[in-house]
Protein chains: 2
Amino acid sequence: MSSSGFRLSARAKAAKASEIRELLKLVGKPSMISFAGGIPDPSLLGVDLVDAAVREIFSGPASAREALQYSTTEGFAPLRQWIAESMARKGIPAGLDNILITSGSQQGLDLIGRLMLDPGDTVLVSRPTYLGALQCLTAHGARFAQQDAPLAMDGVTPKLIYLIPDFANPSGDTMSERERLAALDRAEALDALVIEDAAYTDLRYEGENIAPIAALDIARCGGIDASRTLYCGTFSKTLSPGMRIGWICGPAALIHKLALLKQGADLHTATFNQRVIHHAAVAGFDTTVARARQTYRTRRDAMLSALERHAPPGVSWTRPDGGLFIWVTLPEGIDAAALLPLAIAQDVAFVPGGAFHADGTGRNTMRLSFSLCDAAQIEIGIYKLCTLIAKATQPRMQVG
Amino acid sequence: MSSSGFRLSARAKAAKASEIRELLKLVGKPSMISFAGGIPDPSLLGVDLVDAAVREIFSGPASAREALQYSTTEGFAPLRQWIAESMARKGIPAGLDNILITSGSQQGLDLIGRLMLDPGDTVLVSRPTYLGALQCLTAHGARFAQQDAPLAMDGVTPKLIYLIPDFANPSGDTMSERERLAALDRAEALDALVIEDAAYTDLRYEGENIAPIAALDIARCGGIDASRTLYCGTFSKTLSPGMRIGWICGPAALIHKLALLKQGADLHTATFNQRVIHHAAVAGFDTTVARARQTYRTRRDAMLSALERHAPPGVSWTRPDGGLFIWVTLPEGIDAAALLPLAIAQDVAFVPGGAFHADGTGRNTMRLSFSLCDAAQIEIGIYKLCTLIAKATQPRMQVG
């Protein structure tokens, strides 16, 4: 019997509240130094671009009316064209039939889960991986196994491999080209699809671009329609998360199936938002992204150097080439979740790493985002956090 | 083996393209008199209201940045408050915890399907009913039975009853209070939930309002949190379909579960759109709706009088008190789908009624929308259509 008293579906019974939800509520407190939210700095978003786009749309009654009317499930053709051109520059030659506009890349994951998963199906993931992917795919009945380890059970044939190749949430790690090719080898051997979550790909501020898995796949198999990678993109980390515009790029036959599922799910993504984002992207995607890269790089550097100054022995961390996250590993036996209330009491927030592991491990890890804080806040926050970690590392010596 | 070559989920294999999709593509042809689209007249939408709302949001950098940022899954509190007050005026006392903002009411249906349905579960529906509901619930494994008929199979216990009580799509029919109470009786006897799809409720232009099923339910059981009705509302038929803002109003325990499912599905509905629609609703919901009602009433009257003038014997139709649709029943044996290409050849479009029936019946029916045409177009379109129907009714007499 469920808490609501009604006979809910098996999927609904499995849905659990996320710690992230609770934590995100803290971000709003003005005194809080928040390393918790995985969200872009609002001052770096395309506010002026969106403003200009909206004025353009409302400059004529016909374009305003069209922007407020129903539209096709596949999405606004000029926006898909812009995306197709940007995919081509990444080594992914795509036509309009290869692109479906989604309500953020989260909906992309959800639709692919619907497309592929029956209850009990296995999905290969990194450890750690994006919490929202675990939640979403769990709702479709997924079980999880590690993407680069031998399969633990005979007879398990995973249908999906979910990867965030660039500056991953939460680890900050980037997969090398060799690792990407190995993942493709595995997908081919298993006859599985690859979900390439490219949420952070445009936010590289150091090192050379590495070819997307979709590009490597297409180079091997000869064309996008013969490929097995579904590339999930988004404008949420560049122009605006609040507009909820993402896309899936992949083989036309799968995109067509995904569009049918999307039609049942929400008819189409908001017409207005697609037109606004198209205008904004044409007018200034590159300059907006360039500004964001510069700022995030400065903040990453501030956090890395603060960690070097303040972290006690036995603590290690990643050094991301882009994105918003540094991943910290504490000495074995330290529970990051137990540190969180102590940190919050001192106005510092982070996300304990356990939530990002499908297998219940990772209790001694934490995700730190540097996206919302300036260098001075980062210095203070890391100092406070490292002081708490140092105390937790040596509790017995301090007592008595 | 699916057409894509990959091992798709059972749900994905069941997804079928809709005739509506194909038909809607015709609406754009300038010479076409379209009675096909179930869409509001764009000149009646809240274009000026949305324009003013957007200017207000962009008048200060803080409000612009907030509108472009991530936000909570439940939705923008001031918008939920506005909706709660409008629910109360309909006899549905609701608090913020009783309201979840959705990406159009279509997403409301989809989330409720996820919440309740396991494959093979039965949903009771009207015959005919909204095609988008059939598609969406089918994707969750639903089977269908008629809402006001005895259950055909022993041991079948429906979990959901899906109803459009006011000026239904496609029939134009309105359920009497007695019929609403009977549906509630049945839901109680089956321990089923009721989905009250209120997409057209605000578009009444004749007769007295009838209490929503949710209001009757609450009056019986004493409070919304003890009720079994999920009311799905939308701004799509009043302010703008292209903004994709709807809501579910119901017991807090179910709203909480639905919010968890929505988080996995798309994180949240676009922040920007929720704020715009809130501004627009406060500034002029009532005047926008009043203007739409007056125009649709005039068009309904034009279509009813054209049908009276031109329809051959044996043809009957509904007389809606609101909404966008008239439902036409042709003599038995006439196939509306076979008439459609003939009509399109004469630049008249409609939707054959078979698509709206879960059980394959209704081939001699058609849905006519008067929302997009002025009185002159309606006169010509109905004349042409009735001429075709007359020919189809008496084909043998005309030959030889």
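Buried residues make up 60% of the 400 residues in chain A. The model is predicted. Start with the overall build of this chain. A compact globule of 400 residues would have a radius of gyration near 21 Å; chain A has 22 Å, which agrees. Its C-alpha trace spans about 75 × 55 × 50 Å along the principal axes. The accessible surface of chain A comes to about 14800 Å². Carbon and sulfur atoms account for 53% of that surface.

Contacts show how the chain folds back on itself. Take the contacts in chain A between residues at least 6 apart in sequence. Of these, 76% join residues at least 24 apart. The secondary structure of chain A consists of 14 helices and 13 strands.

Now turn to one sheet. Four strands of chain A form an open sheet in the order β9-β10-β13-β12, with antiparallel pairing. Its edge strands are β9 (316-317) and β12 (351-352) of chain A, and each pairs on one side only. Strand β9(A) is joined to β10(A), residues 325-329, by 2 bridges. These two strands run antiparallel. In β10(A), A:Thr329 is the bridge partner of A:Ser316.

Side chains of opposite charge can pair when their charged atoms come close. Over all chains, the whole structure holds 42 salt bridges. One of them links the side chains of A:Arg275 and A:Glu66, at 3.2 Å from N to O. A:Arg275 lies in helix α11 of chain A and A:Glu66 in helix α4 (residues 61-68) of chain A, so the pair ties together parts that are 209 residues apart in sequence. A:Arg275 is buried, because its relative accessible area of 17% is under 20%. A:Glu66 counts as partly exposed, at 44% relative accessibility.

B:Asp266 and B:Lys262 meet through their side chains in a salt bridge of 3.0 Å, N to O. Both residues lie in helix α10 (residues 252-266) of chain B. They are 4 residues apart, about one turn of the helix. Both B:Asp266 and B:Lys262 are buried.

Another pair in chain B joins B:Asp301 to B:Arg300, with the closest N and O atoms 2.8 Å apart. B:Asp301 is partly exposed at 32% relative accessibility, whereas B:Arg300 is buried with a relative accessible area of 1%. In chain A, salt bridges that share partners join A:Glu206, A:Arg297, A:Arg300, A:Asp301 and A:Arg319 into one network.

Finally, look at the backbone. Most residues other than glycine have a negative phi, and most peptide bonds are trans. Some sites here depart from that. The peptide bond from A:Arg127 to A:Pro128 is cis, with omega near 5°. A:Pro128 sits in the loop between β3 (122-125) and α7 (131-139) of chain A. In chain B, the bond from B:Asn169 to B:Pro170 is also cis, with omega near 10°. B:Pro170 lies in the loop between β5 (160-163) and α8 (177-190) of chain B.

Positive phi angles occur too. A:Leu267 is not a glycine, yet has a positive phi of about 65°. A:Leu267 belongs to the loop between α10 (252-266) and α11 of chain A. B:Asp347, not a glycine either, has a positive phi of about 65°. B:Asp347 is found in the loop between α12 (336-345) and β11 (348-349) of chain B. The residue B:Asp347 is buried, with a relative accessible area of 17%.

Note on methods
Residues numbered from 1 in each chain as written. Chains lettered and ligands numbered in written order. Predicted model: local features only at pLDDT ≥ 70, side-chain atom pairs only at ≥ 80, totals over all residues. Heavy atoms only, no water. Pairing = 2+ DSSP bridges. Rg over C-alpha atoms; globule rule 2.2 N^0.38 Å. Buried < 20%, exposed > 50% of the residue type's maximum accessible area, 1.4 Å probe, protein only. Contact = heavy atoms within 4.5 Å. Areas by Shrake-Rupley, 256 points an atom, 1.4 Å probe, with all protein chains shown as cover. Salt bridge = Lys/Arg side-chain N within 4 Å of Asp/Glu carboxyl O.
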